[in-house]
Amino acid sequence: MLRVLIKKDLLLEFRSKEIVVSMAAFGISVIVLYALGFNASSEEFLKFSPGLLWMMFLFISVLGLHRSFSIEKEFDAFGLLLSAPVSRSDIFLSKWISSFLFLLMSQIIVLPIFFLFLNVSIPKEWLLWILVFLIADLGITALGSLVSGIAMRVRMSEVILPILLFPLVTPLLISVVKCTHGLFNGLLFEEWKIWFQIMVTFVLVFGVTGYLIFDYVSEE
Amino acid sequence: MGKFHSKSIKLNIFNLQISIPVNKLLFGLIIVMFAFGLYLVLVVTRVDAEQQMAQKIFYFHVPSAWSMFLAYFLVLIAGIQYLRTRAEKWDRFGLASAEVGTLFCVLVLITGPIWATPIWGTPWSWEPRLTTTLILFLIYIGYFMLRQYGGDRKQIARLSAIIGIIAFIDVPFIYFSINLWAERDQVHPQSDMGGQPTDVLGTFLFMLLTFTILLSYMIRYRMHVLELDTKLTELEHGI
């Protein structure tokens, strides 16, 4: 059933292309604003780029997370989904995985532009870099899907989602920025291993919490 | 005051029946304890050689932080209990604890910079504990906004119970990561309370007890007001 749910989300996106395109477009706009707003040299950008990069990804993930749940509000699709013989935890997992995929897709579009416009060189250890990306994205979307599921149930959900999500996600943001800083500056893995471990723990804890608690979130 | 003062202690002194409501007694006790605490802090305890009078705020700052964490822990308990039992009293307990906890959170955020201004030379430093408190404050701003926009009462209760649980799960992550992040800002006093002289330790423990009693009184009182509020809404809507 989980596969069917993920397929539904992906199919909807492949037909409309509204989530990934809007996330990527927003990301590119933010990069342009960074470049124009800071007017800094590439050395100066190197110092701040890990923070700037992940703040941008956090902003665009909110856009995607909100859309991925608000789409269910239309024509009361969520109500129908709940009345279908589907485990509520599977709904969480499907939203988590599809949001993760949407974030990843938009990052694939936005990331080269980030490196190009801000003159930051691509890290050499790209395998580790990909791993950091995957873990961080899983963390943002695990907690994000849970919070978005909650925010979707109330008025002004587009406001409530970032207000709730940003403070909650700070540990992950700090960790991924530290990991990215290590990668950008060619530091040894041992030097930032602890941050990587925090990220993995974060993903596990909030993945399991979301899986267990989503039953209560989605009650009618 | 209705039910809040309904429990009372009955005394028989010289054949004179005296009935004192427990909560009024508790309120009186808190005032006396605070007055005595102030005396202990300002008169009895020694003035710190290094920090002078600024150190005295420690007797309010730390108990406020303790009360905040205790209150937020109660939000977690209330959240779990609400999801298990669906009894409205747990929702009221959770909300009252969140409100009072946030009040103490604000006190921590005010007293911290007051102390930091003369000692660190700046009101704000991204010191781990103060930063953790600030992030908790922001999370609870979201919690209250969620309650404001939440829709029907049962849904608000359910969703805010979940946020209370998630917030508490997040606390160790926040603290641990900020602690590592701000290693260069480790300027928060890290004193071992066990090694303190009796006047400092005694006053500190007394203030801790006073704040804990105040916290329990405020939560109980707030729960009572919330219950009246619910009843009023029900009457207005003819439920």
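The structure is a predicted model, in which local features need pLDDT of at least 70 and side-chain atom pairs count only at pLDDT 80 or more, whereas totals for chains, interfaces and linings use all residues. Residues are numbered from 1 along each chain as its sequence is written, and chains are lettered from A and ligands numbered from 1 in the order in which they are written. The mean pLDDT of chain B is 86, with 91% of its residues at 70 or more. The model has an ipTM of 0.89 and a pTM of 0.88.

Chain B contains 6 helices and 2 strands, which follow one another from the N terminus in the order β-β-α-α-α-α-α-α. Its C-alpha atoms fill a box of roughly 60 × 55 × 25 Å along the principal axes. Of the 239 residues of chain B, 31% count as buried; a residue is buried if 20 or more other C-beta atoms, placed from the backbone, lie within 10 Å of its own, exposed if 12 or fewer, and partly exposed in between. Two residues are in contact if their C-beta atoms, placed from the backbone, lie within 7 Å. Among contacts in chain B between residues at least 6 apart in sequence, 72% join residues at least 24 apart.

Individual residues of chain B illustrate these categories. Leu134(B), in helix α4 (residues 128–148) of chain B, is buried because 20 other C-beta atoms lie within 10 Å. Leu134(B) and Leu109(B) are separated by 25 residues in sequence and by 7.1 Å between C-alpha atoms. Phe69(B) lies in helix α2 of chain B and counts as partly exposed, with 19 C-beta neighbours inside 10 Å. Between Phe69(B) and Asn12(B), 57 residues apart in sequence, the C-alpha distance is 41 Å. Thr233(B), in helix α6 (residues 198–236) of chain B, has 11 C-beta neighbours inside 10 Å and therefore counts as exposed. The C-alpha atoms of Thr233(B) and Ala35(B) are 38 Å apart, with a separation of 198 residues along the chain.

The contact between the chains takes 24 residues from chain A and 27 residues from chain B. On the side of chain A that touches chain B, α6 (126–151), α7 (157–184) and α8 (189–217) of chain A each supply at least two residues. The largest share of that side, 9 residues, comes from α7(A). The residues of the side of chain A that touches chain B comprise 18 nonpolar, 3 polar and 3 charged, where Ala, Val, Leu, Ile, Met, Phe, Trp, Tyr, Cys and Pro count as nonpolar, Asp, Glu, Lys and Arg as charged, and the others, Gly among them, as polar.

Helix α8(A) has buried residues that include Trp195(A), Phe202(A), Phe206(A), Gly210(A) and Phe214(A). The buried residues of α8(A) pack against α5 (88–117), α6 and α7 of chain A, together with α5 (153–181) of chain B. A kink of about 35° in α8(A) is centred on Tyr211(A), the bend at a residue being the angle between axes fitted to the seven residues ending there and the seven starting there.

The axes of α8(A) and α5(B) come within 11 Å and cross at roughly 175°. This crossing makes α8(A) roughly antiparallel to α5(B). Axes are lines fitted to C-alpha atoms, for helices over the stretch in contact, and angles run from 0 to 180 degrees between N-to-C directions; angles under 35 degrees count as roughly parallel, over 145 as roughly antiparallel, 65 to 115 as roughly perpendicular and the rest as oblique. Residues of α8(A), including Ile198(A), Phe202(A), Thr209(A) and Ile213(A), meet residues of α5(B), among them Arg158(B), Ile162(B), Ile169(B) and Phe173(B). The residues of the contact of α8(A) with α5(B) divide into 14 nonpolar, 2 polar and 1 charged.

Two loop residues of chain A remain to be described. Asn119(A), in the loop between α5 and α6 of chain A, has a positive phi of about 55° although it is not a glycine. Asn119(A) counts as partly exposed, with 14 C-beta neighbours inside 10 Å. Met156(A), in the loop between α6 and α7 of chain A, likewise has a positive phi of about 55° without being a glycine. Met156(A) is partly exposed, with 13 other C-beta atoms within 10 Å.

Note on methods. Helices (H or I, at least four residues) and strands (E, at least two) are DSSP runs, numbered from the N terminus. pLDDT is the predictor's confidence in each residue, from 0 to 100.
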